[in-house]
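Have a look at the model first, then read on.

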Amino acid sequence: MRGLNRAVLLSRALRSNFTAVSSATATLQRAVPHGTITVRGNNPSVNGFRYVSSSSTSLAYDAQTKAFNPKELVLFQYQACPFCNKVAAFLDYYDIPFKVVEVNPINKKEIKWSDYKKVPILTVDGEQMVDSSDIIDKLIKRIHPDYDLNAEEEKKWREWVDNHLVHVLSPNIYRNVPEALESFDYITTQGNFSFSERLVAKYGGAAAMYFVSKKLKKKHNITDERAALYGAAEQWVDALNGRKFLGGLYPNLADLAVFGVLRPIRHLQSGRDMVEHTRIGKWFSEMDRAVGQSSRVSEHS
C-alpha cells in the first residue's frame, strides 16, 4: 500500500509537470572581420556572442549586445519534464552555463525552501524565477533588451506549445504498458531516485500513469494518441512554411519551445514514430545542430 501511495504521488507530480558550421563561420568572419570567432558544437559566435540575423525575433545576438554573465544559474527540474526542457534548451542555445538540481518527484525535498512547489525553478545569482515561459521572457530581456516578445507569429506558437503540444505527450508516452515502462525506465534512470524509489516508480508509476493518460485523453478530447501527436508535428511543419526555422535562418523562442518540449521523447517509441511518420525530422535535426551541446555543468551540491 505504501508503494502504491508513492506511485500515485509520483504520477501526480509528473502529470502536473508533463501535462521540443563552416559556412556560418565564414559569414561571421565577413560580418565581424576583427572579432574572435569560436565554435561550440555547431554554434559559431563572435567574442562570446552568437551571430545576429535580420529577424527581430531571431535568438541570435551580436557582439554589441550587453553581456548576460551571471555567476550562477541553478535549474531545479525533473529530467523528463517538458517545461524544464524548454528552459534547458534556451540555456543550451545561448551557451549559458547552468547547474542542475534533479528534484525527487515523490518528496520534492530539493525545493522545500521555495513557496513554489512545481518545476522548473531557476535561480539566477540567488533570484528565484518560476514558470518556464516567464523564465525565458525574463532571460531574453536581460540578454537582448530590445527583443520583441509580442511578435504575433512567435507569440502564437509559444502559446500553442503550452496549451496544445504538451497535452498530447502524456497520452502518447504512456499509451500502452510497454511504452509506459519504457518512459519510466528513462525517467527513473535520469531522475533523482533511491534504489527502492526507482523500483516503485518504474512499475507503480508506469501503471498509474497508464491510467492517468486515459483520463487526459478524455479531458483534451483526444481519440487517437498517435494521430494527435502526428497532427501536432505536421501543424508545426506547416507553420514553418518552407523556412529553416520559424525565426528564419536562426531559431526564435517558439522554435526552442517546441524543440525543448519534444527533446525528452525523441528516443522513446513515441518520438521515433513521430519522426518516422511526419515531416518534423529535418527541422528537429536542424534544431539539434543549432542548439549544440548542453551547457549544463557539474551538479549543484
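In which sense do β4 and β5 pair, and over how many bridges? They pair in the parallel sense, over four bridges; pairing takes at least two DSSP bridges between two strands, and strands are DSSP E runs of at least two residues, with helices being H or I runs of at least four, numbered from the N terminus. This is a predicted model, so local features need pLDDT of at least 70 and side-chain atom pairs pLDDT 80 or more, while totals for chains, interfaces and linings use all residues. Residues count from 1 along each chain as its sequence is written, and side-chain values use heavy atoms, without hydrogens and water.

**The sheet**
- Four strands make an open, mixed sheet in the order β5-β4-β6-β7.
- The edges are β5 (99–102) and β7 (127–130), each pairing on one side only.

**Strand β4**
- β4 (residues 73–77) runs antiparallel to β6 (residues 121–124), joined by four bridges.
- Phe-76 sits opposite Ile-121 in β6, and its bridge partner in β5 is Val-101.
- Leu-73, Leu-75 and Gln-77 point one way, Val-74 and Phe-76 the other, and all are buried (under 20% relative accessible area with a 1.4 Å probe, protein chains only).

**The largest cavity**
- It holds about 60 Å³, the space filled by probe spheres set on grid points joined across faces, edges and corners; a cavity is a set of points on a 1 Å grid over the protein atoms alone where a 1.4 Å probe fits but cannot get out.
- Of its 11 lining residues (an atom within 4 Å of a point), those closest to the centre are Tyr-78, Gln-79, Glu-102, Ile-187 and Gly-191.

Technical notes: 1 Å grid on protein atoms, 1.4 Å probe; cavity = no way out; pocket = protein on both sides within 12 Å on 5 of 7 lines; lining within 4 Å. Buried < 20%, exposed > 50% of the residue type's maximum accessible area, 1.4 Å probe, protein only.
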